[in-house]
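Here's a quick briefing for anyone meeting this structure for the first time.

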Amino acid sequence: MRVTLSFEETSSNDLSVMVDALRASTSITAALNNFDEIIPCFSPENAFKINKKKKGVLAGERNGVKIKGFDLGNSPDSLENYEFSDDEFKRLILTTTNGTRVLEDIKSTTIIGSLINAKSVAKHALNLSKEHIDVVMAGRNGYFAIEDFLASGEILYWISKEIKDKNDFKISEYAQSAILARGDYDKIKEAFYNSYSGRRLSEIGCKNDVDYCTQKNITDNVAIYENGVLKLV
Ligand code: MLT
């Protein structure tokens, strides 16, 4: 088994774990407590079009802020607690700046990882993968995002702990660095709040979302992306 860490694009044809810790991955993971499926869309226009055909709840953000005409933004808490009217389907149509864009280009089987489900993601990755797990940090508009690196480190830590055949385990030095960085949970939380996205979310009144996204291993939910739809594995 080979385990690697990448930025924006996967290097695996086998299994990828997409990580956008603030907030897309966390929102997708939390939303599956409430919605049966999520259709990730790559632009707001596309989301409106899909919603006409498939009828769902429209959610998403650009630059952190809810998109005009959408039902919801990208807050994990509000997706998880959304109350459906009688005629609504439990289908979420979601577009986000980085997370859903990165998903568009991944060709391997893909699951969604964050700090809130890191341990469970690691278990599913090992079950689903035949030879190569690549953890892919979504980043922010082409830039490195510390929260994605640290959440990836937590996932990689659990993968290296749970792997059965230690003799057949090769982990890249990039991935090892992320594991070393994930050690001190207080410092990780601090880094989430002080990150570019963490500060931006606090500025626009979404600090509670950062609180949500910094929780570690609070759920077993893991989303898998198949045929254009995200569902629980
Ligand atoms: C993204 O996909 O870029 C993020 O989730 C942005 C956000 O929700 O603030």
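## A first look

Arginine 182 is buried, at 12% relative accessible area (buried is under 20%, exposed is over 50% and partly exposed is in between, using a 1.4 Å probe and protein chains only). What you're looking at is a predicted model, where local features need pLDDT of at least 70, side-chain atom pairs count only at pLDDT 80 or more, and totals for chains, interfaces and linings use all residues. Residues are numbered from 1 along each chain as its sequence is written, and side-chain values use heavy atoms, with hydrogens and water left out.

**Buried residues and their partners**

- Arginine 182 lies in the loop between α7 (173–181) and α8 (185–194); helices (H or I, at least four residues) and strands (E, at least two) are DSSP runs, numbered from the N terminus.
- The arginine 182 side chain makes a polar contact of 2.9 Å with the side chain of glutamate 154. A polar contact is a pair of N or O atoms within 3.5 Å; within protein, one must be able to donate a hydrogen and the other to accept it, and residues adjacent in sequence count only if both atoms are side-chain atoms.
- Threonine 4 is part of strand β1 (residues 2–7) and is buried too, with a relative accessible area of 9%.
- The side chains of threonine 4 and histidine 132 are joined by a polar contact of 2.8 Å.
- Leucine 94 belongs to strand β6 (residues 91–95) and counts as buried at 1% relative accessibility.
- Leucine 94 and proline 40 are 54 residues apart along the chain, yet their C-alpha atoms are separated by 4.9 Å.

**The ligand and its surroundings**

- The ligand sits in the largest pocket. On a 1 Å grid over the protein atoms alone, a pocket is an open set of points with protein on both sides within 12 Å along at least five of seven lines, and a molecule sits in one if more than half of its atoms lie within 2 Å of its grid points.
- Around the ligand you'll find residues including Asp20, Arg23, Glu61, Asn74 and Leu201, where being near takes a heavy atom within 4 Å.
- That shell divides into three nonpolar, six polar and three charged residues. Here Ala, Val, Leu, Ile, Met, Phe, Trp, Tyr, Cys and Pro count as nonpolar, Asp, Glu, Lys and Arg as charged, and the others, Gly among them, as polar.
- Aspartate 20 has a polar side-chain atom 2.8 Å from an oxygen atom of the ligand, and for threonine 96 a polar side-chain atom lies 2.7 Å from a ligand oxygen atom.
- With glycine 99, a polar backbone atom is 2.9 Å from an oxygen atom of the ligand.
- The ligand taken alone exposes 270 Å², and the protein buries 93% of that (areas come from the Shrake-Rupley method with a 1.4 Å probe).

- Most residues other than glycine have a negative phi, and most peptide bonds are trans.
- The peptide bond from leucine 22 to arginine 23 is cis, with omega near 5°; arginine 23 is in the loop between β2 (15–19) and α1 (24–31).
- Asparagine 63 isn't a glycine but has a positive phi of about 55°. You'll find asparagine 63 in the loop between β4 (57–62) and β5 (65–66), where this residue counts as exposed at 52% relative accessibility.
- Asparagine 227 has a positive phi near 50°, sits in the loop between β10 (223–226) and β11 (229–232), and is exposed, with a relative accessible area of 80%.

How values were computed:
1 Å grid on protein atoms, 1.4 Å probe; cavity = no way out; pocket = protein on both sides within 12 Å on 5 of 7 lines; lining within 4 Å.
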